[in-house]
Amino acid sequence: GILINTNEFFNFLKIAIEGREFVKFEFSKLLSKAIQMIGELGEYYEISKEDMAHLDIKSILNLYSTLYSKNPKNAFLQQIKENKEEYNISLALKLPSLITDAEQIFGFFASNINSNFISQKSISADTALENDKNLEGKIVLIYAADPGYDYLFTKNIAGFITCYGGANSHMAIRASELGMPAVIGVGEENFKKYLKAKKIRIECQNEQIICL
């Protein structure tokens with residue numbers, strides 16, 4: 001019942017996609033700015049970025065409406081300590097990647113992971129993590145396959161491996177567009193093994209990952 005012709009339809013798609021990507025870009029800029037400001041606040045109070053990551057954002061926002069009789073640093077450090085303890089407890093828990101039943105919180109069987117190999121290429125390269133300074137020519141190990149890792153394609157990387165994700169995830173589609181060898185969704189256990197490897201060979205056609 002939509003009375004438009006083909007050109008009008010494609011023009012609508014163009015405007016919609018450009019609008020969506022523009023909003024995502026602006027949101028990412030604001031998010032990056034917020035993270036930068038949180039880091040600067042931590043520097044002011046001599047608290048590392050890693051520790052600031054354990055601070056509730058509400059504690060920072062409350063600075064706008066609260067008159068502290070004492071230095072907020074002490075309150076920050078106490079909350080960071082408590083949240084770190086909670087985080088360490090959570091690390092002892094292992095849950096399935098997809099929860100379909102409440103009983104799986106208490107017990108589940110790990111399913112076989114079918115990784116998604118992108119392209120038909122084979123490469124061997126040193127491994128790197130997303131935060132490493134030099135990523136050029138390396139196989140980068142990342143946890144997710146979402147648009148937040150799009151910047152990796154500007155770093156002249158050799159390929160990448162993700163812990164989570166599927167064949168239709170953003171990074172899988174981008175790698176396919178660029179003809180870049182990649183493996184999407186290898187699972188937690190395999191990913192831990194690859195994190196320990198200094199060099200990896202990816203054979204997409206044979207669907208193999210070899211730690212060298």
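Is Y44 buried or exposed? I looked this up to get my bearings, keeping in mind that the model is predicted. Y44 comes out exposed, because its relative accessibility is 64% and the cut-off for exposed is over 50%.

**Entry: the rings**

I went on to the aromatic residues. A search of the whole structure turns up five aromatic pairs. One of them is Y44 with Y45: the ring centres are 5.0 Å apart and the planes stand at 80 degrees, so I put this pair down as edge-to-face. I checked Y45 as well, and Y45 is buried, with a relative accessible area of 12%.

Y45 also pairs with F76. Here the centres are 5.8 Å apart and the planes make 90 degrees, so this pair is edge-to-face. I noted where the two partners sit: Y45 is in the loop between α1 (6-44) and α2 (49-52), while F76 belongs to helix α4 (residues 72-90). They are 31 residues apart, so I marked this as a link between distant parts of the chain. F76 is buried too, at 1% relative accessible area. Put together, Y44, Y45 and F76 form a cluster linked by ring pairs.

The charged end of R174 sits over the F153 ring, 5.0 Å from the ring centre.

**Entry: the sheet**

Next I traced the strands. I found an open sheet of seven strands with mixed pairing, and wrote down the order as β1-β5-β4-β3-β2-β6-β7. Which strands stand at the edges? They are β1 (116-118) and β7; each has a single partner strand, so one side of each has no neighbour in the sheet. From one strand to the next, the twist averages 30 degrees.

I then looked at what lies against the sheet. Helix α6 (residues 188-195) packs on it, touching β2 (122-129), β3 (139-142), β4, β6 and β7. The direction of α6 makes about 135 degrees with that of β3.

**Entry: two strand pairs**

For a parallel case I picked β4 (residues 159-162) and β5 (residues 182-184), which are joined by two bridges. In this pair F160 stands opposite A182.

For an antiparallel case I took β6 (residues 199-203) and β7 (residues 208-211), which pair over four bridges. I202 faces I209 of β7 there, standing opposite it. The hairpin of β6 and β7 has four residues between the strands, and in it I spotted E207 with a positive phi near 55 degrees.

Conventions. Residues numbered from 1 in each chain as written. Predicted model: local features only at pLDDT ≥ 70, side-chain atom pairs only at ≥ 80, totals over all residues. Heavy atoms only, no water. Pairing = 2+ DSSP bridges. Axes fitted to C-alpha atoms, helices over the stretch in contact; angles between N-to-C directions. Contact = heavy atoms within 4.5 Å. Phe/Tyr/Trp six-rings, centres within 6.5 Å; stacked < 30°, edge-to-face > 60°. Buried < 20%, exposed > 50% of the residue type's maximum accessible area, 1.4 Å probe, protein only. Lys NZ or Arg CZ within 6 Å of the ring centre and 35° of its normal.
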